[in-house]
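Try each task before reading its solution.

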Amino acid sequence: MNHAVQFINNQWLGGEGKEFTSLDPVKNTQVWQGQAATAAQVDTAVQVARKAQYDWAGLSFDERVAVVKKFAEQLSENKEAMALTIASETGKALWEARTEVAAMIGKIDISVRAYQERTGTKENPMPQGRAFVRHKPHGVVAVFGPYNFPGHLPNGHIVPALLAGNAVVFKPSELTPKVAEETVKLWQQAGLPAGVIALLQGEVDTGKAIAGHNGIDGIFFTGSSRTGHYLHQQFAGRPDKILALEMGGNNPLIVQDVANIDAAVHDIIQSAFISAGQRCTCARKLFLPANAQGDAILARLLEVTRNIKVGVYDAAEQPFMGSMISVAAAKGMLAVQQQLVELGGKVLVEMQHIDVNTALVSPGIIECSNITDYPDDEHFGPLLKVFRFTDFDQAIDAANNTQFGLSAGLLSDSAELYQHFFRRIRAGIVNWNRPITGASSAAPFGGVGSSGNHRASAFYAADYCAYPVASVELEQVVLPEQLSPGLAF
Ligand SMILES: NC(=O)c1ccc[n+]([C@@H]2O[C@H](COP(=O)([O-])OP(=O)(O)OC[C@H]3O[C@@H](n4cnc5c(N)ncnc54)[C@H](O)[C@@H]3O)[C@@H](O)[C@H]2O)c1
Ligand SMILES: O=CCC[C@H](NC(=O)CCC(=O)O)C(=O)O
């Protein structure tokens, strides 16, 4: 059946491309089914968005804020339904899906503030006239979203883009179309004018048709480093288009000199295993000192990890970890564990596929100190790699030995050590005695190296949603009192 899953010009239409579905990764039921948007449908949506954007940008900022706040109201009224959709389409535990919806709602006020602080209008007096810095929207921008935060992360591009006066063509992850559909329905109910947002559902072909469409002015992308690099190549030689890339990481966490072992273990677990390890900021590599304290932390970490509750997202007694996104992703992580064993890794807590018909896996820990050619890949799941060190600077060097640079952390009671770590570590998020996941929307969020392209998101998303226009203005044409040499009037 061809469901009306594409939202173009304020109308829900059937896709004209290939059929695809999304599945509940734990209950194996179908959550969503539809047909992909074709290149022709992409073209229509972009053309409609172009026309709609002009009037949308012509509204005052306060008028746009009013619509965006209505969306926040809609989201608040439907927050439990949205959390359930997120949980059932991703397998994420319901308690966590609720925090995702709360982050979506919180994004509205933060983005209004960010627009004003970073891209609002500023005026400076001049001897003759006045100088202004104002900001204009780029036009029609595409938003590509990942599956791991199907609500919050696209929302983190869409809200600031709309506030700035852009029209948005939204292509969600093909693994989470239902969350996107529900989100866009809330925009419709909020009264966003026709054409200002389009939802184009589809797989990679739809993404390619959008990215390759000459009528878009930019792409705001959150997803894997591989796709981000592909888009970057596609945009080569196109300085006229804006590209914001939020990509993956291979994030280190170093521990040295901590008094409270349980507190350290807590922060390690929050960093490594939240969202079943499916956060871009998750700790992938744990550096522990090769001494008695390192041994004690490791022993306690293994003990607590073995007792982590993994389970069905809507269980009455909530698990810490829900499932991974799909059975294929779960199998992929088990293959990674096997690959690391073959390279010389020693399994300390085995990551297990709890039920091969579901995407539920238990968290794993593997010692990798003896691996000489450790692969610098992002392993997007609950497998923490442990490295033992004898010299703190060598641990920092090893932590920096990655193409990525998203998040990094130090657990230590020494302020001096933290200052030293902060100076040397290369990452866009650097934390001290806090988990390295759970970044604030009120701060910039982005990485260096293969993690981003210097266009941080969250609070700084305002920056890539608009371009600055500098003006000097005088209400009448006036002959200057002092003329340039060689001029006579
Ligand atoms: N830095 C961040 O803010 C951040 C946040 C969340 C997730 N991530 C990263 O996202 C990844 C997980 O998400 P994912 O697997 O959904 O990412 P992905 O790269 O597979 O997909 C992201 C989006 O790009 C689209 N896409 C894929 N190939 C495309 C192509 N060739 N042309 C155009 N569009 C294309 C997908 O359909 C999807 O909408 C992880 O690597 C994670 O670290 C990064
Ligand atoms: O998976 C990647 C995102 C992880 C998440 N980051 C944010 O929520 C950033 C804040 C924002 O975009 O508003 C995290 O750090 O856990």
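A pocket is an open set of points, on a 1 Å grid over the protein atoms alone, with protein on both sides within 12 Å along at least five of seven lines; lining residues have an atom within 4 Å of a point. The model is predicted: local features need pLDDT of at least 70, side-chain atom pairs count only at pLDDT 80 or more, and totals for chains, interfaces and linings use all residues. Residues are numbered from 1 along each chain as its sequence is written, chains are lettered from A and ligands numbered from 1 in the order in which they are written, and side-chain values use heavy atoms, with hydrogens and water left out.

**Exercise 1. Describe the site of ligand 2.**

Step 1: The space taken by ligand 2 is the second largest pocket. A molecule sits in a pocket if more than half of its atoms lie within 2 Å of its grid points.

Step 2: list the shell. Ligand 2 has 15 residues around it, and Lys-107, Arg-279, Cys-280, Gly-438 and Ser-441 come nearest. A residue counts as near if one of its heavy atoms lies within 4 Å.

Step 3: find the domains. Domain 1 (4-248 + 451-472) and domain 2 (252-432) each supply at least three residues to this shell. The bounds come from an automatic or database domain assignment.

Step 4: check polar contacts (pairs of N or O atoms within 3.5 Å). The side chain of Arg-279 places an N or O atom 2.7 Å from an oxygen atom of ligand 2. For His-152, a polar side-chain atom is 2.9 Å from a ligand 2 oxygen. Gly-438 uses a backbone N or O atom, at 2.7 Å from an oxygen of ligand 2.

Step 5: judge the cover. Of the 420 Å² of accessible area that ligand 2 has on its own, the protein covers 97%. Areas come from the Shrake-Rupley method with a 1.4 Å probe.

**Exercise 2. Describe the surroundings of ligand 1.**

Step 1: ligand 1 sits in the largest pocket.

Step 2: 28 residues surround ligand 1, with Lys-171, Glu-174, Ser-224, Met-247 and Glu-378 the closest.

Step 3: a side-chain N or O atom of Thr-227 is 2.8 Å from an oxygen of ligand 1. Backbone N or O atoms also approach ligand 1 oxygens: Gly-223 at 3.2 Å and Pro-172 at 3.3 Å.

Technical notes:
Polar contact = N/O pair within 3.5 Å; in protein donor to acceptor, adjacent residues only side chain to side chain. 1 Å grid on protein atoms, 1.4 Å probe; cavity = no way out; pocket = protein on both sides within 12 Å on 5 of 7 lines; lining within 4 Å.
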